[in-house]
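Have the structure open while you read.

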Amino acid sequence: SDLEASFFIWGQNKGYKRPDLETDKSKVVEFVLERMSEAALEDALRKAWFDDTDAALVTDSPAGVLSATADVDDYNTIDAFWKQLYAIVAVTAARRYTITENANASYATQLALAADRAILMARAMVQNCDKRLKGDKNKIFIWTDTLVDNYQTYLESQGIDKSFERIEDFDSGLTFTGMYFRGIPIYRFDLWDRTIVEDFDSGTAYYQPHRAILTTKANLAIGVDSKSMINTFESWLERKDKKVNLRGSYKLDVKIVKDYMVQVAY
């Protein structure tokens, strides 16, 4: 009935029957499959960054950092990049720049970054990173949207007109809005922001809403059984239940290759 005013107005004139979406597989099901394929790639990136085999809700005992409404099973399959980065910082505290606003107790005070927070962060990350990372010509920044906006606003306040440009691909088919600090490209990765707001909310504040990494692309290794498997789905109609089923699966794991080749901020 949800489709009465959309697909079936067209489909009924073509002879398609309500109970059988299979007869319109080239239209209805393929439309859904296309949406799922796009979502699957983003979901794989979310898992690659935020999964934690010890994931728990803020309402659990002991309490975790996932929102009370989050699904733990969406997050507990692997130890993702952020879990590994926390472990690196635990061993070598110098690998981290602390963004003090993250520790504030409310959304408003967390999001009220100091006007020069991003540039102070970037400066400290470059100055304090390992010499081998500092000398690597392929190093990049990846920042939350909040930090990119903060940096752009700061540049504008200093009278710098061109503060950003588009950066294509990043080996994922995605487009990023990029900026630079001391010639190092900055990737705005709003998937981090959206994931934190959606699933890392205590009810009064977000869990580390401002984050950044200085590293190289080669140091962020993502392993899959097949790149095409991430967004490949099969579909079939279960006539008894009058339901179209969609199914896909893939294997995924990630690894920070060299601990000294990262500098983080959170």
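Helices (H or I, at least four residues) and strands (E, at least two) are DSSP runs, numbered from the N terminus. With that in hand, Thr-146 sits in helix H7. Before going further, a word on ground rules: this is a predicted model, where local features need pLDDT of at least 70 and side-chain atom pairs count only at pLDDT 80 or more, while totals for chains, interfaces and linings use all residues. Residues are numbered from 1 along each chain as its sequence is written, and side-chain values use heavy atoms, with hydrogens and water left out.

**The chain overall**

The protein chain has 8 helices and 11 strands. Of its 266 residues, 41% are buried (buried is under 20% relative accessible area, exposed is over 50%, partly exposed is in between, with a 1.4 Å probe and protein chains only). Take contacts (heavy atoms within 4.5 Å) with a separation of 6 or more: 71% of them in the protein chain are between residues 24 or more positions apart.

For H5 (residues 117–128), the 12 residues should span 16 Å, and the end C-alpha atoms are 16 Å apart, so the two agree. H7 has 13 residues and reaches 18 Å from first C-alpha to last, close to the 18 Å expected.

The two helices pack at an angle of about 105 degrees, with their axes 7 Å apart. That makes H5 roughly perpendicular to H7. For the geometry, axes are lines fitted to C-alpha atoms, for helices over the stretch in contact, and angles run from 0 to 180 degrees between N-to-C directions. Angles under 35 degrees count as roughly parallel, over 145 as roughly antiparallel, 65 to 115 as roughly perpendicular and the rest as oblique.

Who meets whom? From H5, Arg-117, Ala-118, Ile-119 and Met-121 meet Leu-147, Asn-150, Tyr-151 and Tyr-154 in H7. By class, this contact has 6 nonpolar, 1 polar and 1 charged residues (Ala, Val, Leu, Ile, Met, Phe, Trp, Tyr, Cys and Pro count as nonpolar, Asp, Glu, Lys and Arg as charged, and the others, Gly among them, as polar). The buried residues of H5 include Arg-117, Ala-118, Ile-119 and Met-121; in H7, Leu-147, Asn-150 and Tyr-151 are among the buried ones.

**Two threonines**

Thr-146 is also buried. Its side chain makes a polar contact with the side chain of His-210 at 2.8 Å; such a contact is a pair of N or O atoms within 3.5 Å, where within protein one must be able to donate a hydrogen and the other to accept it, and residues adjacent in sequence count only if both atoms are side-chain atoms. Leaving out residues up to four places away in sequence, Thr-146 touches Leu-113, Asp-193, Pro-209 and His-210.

Thr-195 lies in helix H8 (residues 190–199) and is buried, with a relative accessible area of 5%. With that sequence cut-off again, Thr-195 touches Arg-46, Phe-50, Tyr-75 and Phe-200.

| Residue | Phi |
|---|---|
| Gly-159 | about 80 degrees |
| Arg-182 | about 50 degrees |
| Gln-208 | near 50 degrees |

Arg-182, in the loop between strands E4 (174–181) and E5 (184–188), is exposed at 52% relative accessibility. Gln-208, in the loop between H8 and strand E6 (212–216), is buried at 11%. Finally, a cis peptide bond joins Ser-61 and Pro-62, with omega about 0 degrees.

Methods. Expected span 1.5 Å × (residues − 1).
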